[in-house]
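Visitor: I would like a close look at a single part of this protein. Please keep it brisk.

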Amino acid sequence: MHLQTDLPCDVSRRSCDVEKIQISQEAEMLYYELIRALEEEEKRVRAFTTSLEELAARVQAAEAARATWRAPGDARDARAQLDAVSRARAQLPPLRRLADELRAQAQQLARDNVQLPEHLRARLDDLNARVSALSAGGEERARQLAGVARDGGAGAAQGFLAGSVRAPWERAVTPANVPYYINHELETTHWDHPKMIELMNSLADLNEVRFSAYRTALKLRTVQKALCMHMLQLPAALEAFDSHGLRAQNDRLIDIPDMITVLTSLYEVIAAENPSLVNVPLCLDLSVNWLLNVYDSQRTGQIRVLSFKVGLVLLCKGHLEEKYRYLFRLIADPSCRADQRKLGLLLHDCIQVPRQLGEVAAFGGSNIEPSVRSCFEQASATAKEGGKGGTLDRKSGNYSLLNMGCFEQAAATAKEGGKGGTLDRKSGNYSLLNMGCFEQAAATAKEGGKGGTLDRKSGIC
């Protein structure tokens, strides 16, 4: 009986042992299958990484070649460089294919539940963007060189300005020689230099200044210093205008290459006096950018010589009286008279500055006709006595054409009140405060000084 009762237990134990062996064998098979799967995944990831490294090396080599690009000296040089660029561009399609293949591999690995490390995915995205930037840059470079080869090198005059930007930015020019800027990282183009974008954004911080005259003066001062125009003496600017044949040429148009020629001579003077403070390509490029923003927002590539002179005179360093006299001479005839049309042109150019600074509303808006009418109404009595008709001169009751009534009204108030020729915010017309006449007042206001007054003879700091 004992044997009969023990037999089933023994069989049961043997069955359990067999099951354990079977389970152990299945686990072992699963284990090896898992190992093989992991090895296969590792092999695929390793192959992906190798290809990624290859793409990175080729992209880096292409970028190094692009860094050696220089401005063409003439049409022949442009054609030679165009051949080199064409050969370099021929190497880009294989890079694009490799980048696309890697992107497809990454997608397939994700579908197979193979998780790529985050740094590999990020590097693939970066390389894709860089390949796109190389393609876009090569196309733009070929277009520029083709233009120089075609027009005999007119576009080459701006070649040295390429150094005004750093990667990922690139400076380019349109067929009309208008500069624009490519951000290869974001794959965007902009009319404004990256530093000009930063400058204009910084001006928004000054909107907290309460009084419009101070606020405008601080903005203009910020622009002036960014362009290093506070180092340019007014006589040097006037001498450059004359030496480049701009005297008595105020009604004609000046294109960007000619602007660059004049500005180059000006910044060479500034750099010679302040070599450690002036980055000539950057300052020159920003000055062109500023002038185009103020007077050629449509980017036609040309502005009037009058606008060019006014834009620079308003920013350079000089006494207000000297600036007023010079700007009056720009529109006056040989007998020192000017009519309403010329006055309107001058005031239109002047009011564009506060418009660009977002302050035009505080200066009477863009309509300058009331200011012109005000000047001639104040001068009418003197004009009738002298028989001059509809003209205005420097002695006709307004100190100069530019004050549009505000400075002479302040002078009259000063004589009555004994203030010594000061100008405050209540003295009448604001239309030309953008000239910088409140720069000194603004600086004083920041220091807690005199408030909103400015002496006639105080210079632009």
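Does arginine 299 count as buried or exposed, and why?

Guide: Keep in mind that this is a predicted model. Arginine 299 counts as buried, because its relative accessibility is 9% and the cut-off for buried is under 20%.

Start with its place in the chain. Arginine 299 sits in a loop. That loop runs between helix α9 (280-295) and strand β5 (302-304).

Now the side chain. Arginine 299 makes a polar contact, side chain to side chain, with asparagine 293 at 2.7 Å.

Step back to the whole protein. It has 461 residues, and 45% of them count as buried. The fold holds 15 helices and 7 strands. Among contacts with a separation of 6 or more, 69% join residues 24 or more positions apart.

Two packed helices are described by the angle and the distance between their axes. The axes of α7 (residues 234-243) and α11 (residues 320-331) come within 11 Å and cross at roughly 20°. That makes α7 roughly parallel to α11. The crossing of α7 past α11 is left-handed. From α7, Leu234, Leu238 and Phe241 take part in the contact. They meet Glu322, Lys323, Tyr326 and Arg329 of α11. By type, the residues of this contact are 4 nonpolar and 3 charged, with no polar ones.

Methods. Residues numbered from 1 in each chain as written. Predicted model: local features only at pLDDT ≥ 70, side-chain atom pairs only at ≥ 80, totals over all residues. Heavy atoms only, no water. Axes fitted to C-alpha atoms, helices over the stretch in contact; angles between N-to-C directions. Helix = DSSP H or I, 4+ residues; strand = E, 2+ residues; numbered from the N terminus. Parallel < 35°, antiparallel > 145°, perpendicular 65-115°, else oblique. Left-handed = near helix turned anticlockwise from the far one by under 90°. Contact = heavy atoms within 4.5 Å. Nonpolar A, V, L, I, M, F, W, Y, C, P; charged D, E, K, R; others polar. Buried < 20%, exposed > 50% of the residue type's maximum accessible area, 1.4 Å probe, protein only. Polar contact = N/O pair within 3.5 Å; in protein donor to acceptor, adjacent residues only side chain to side chain.
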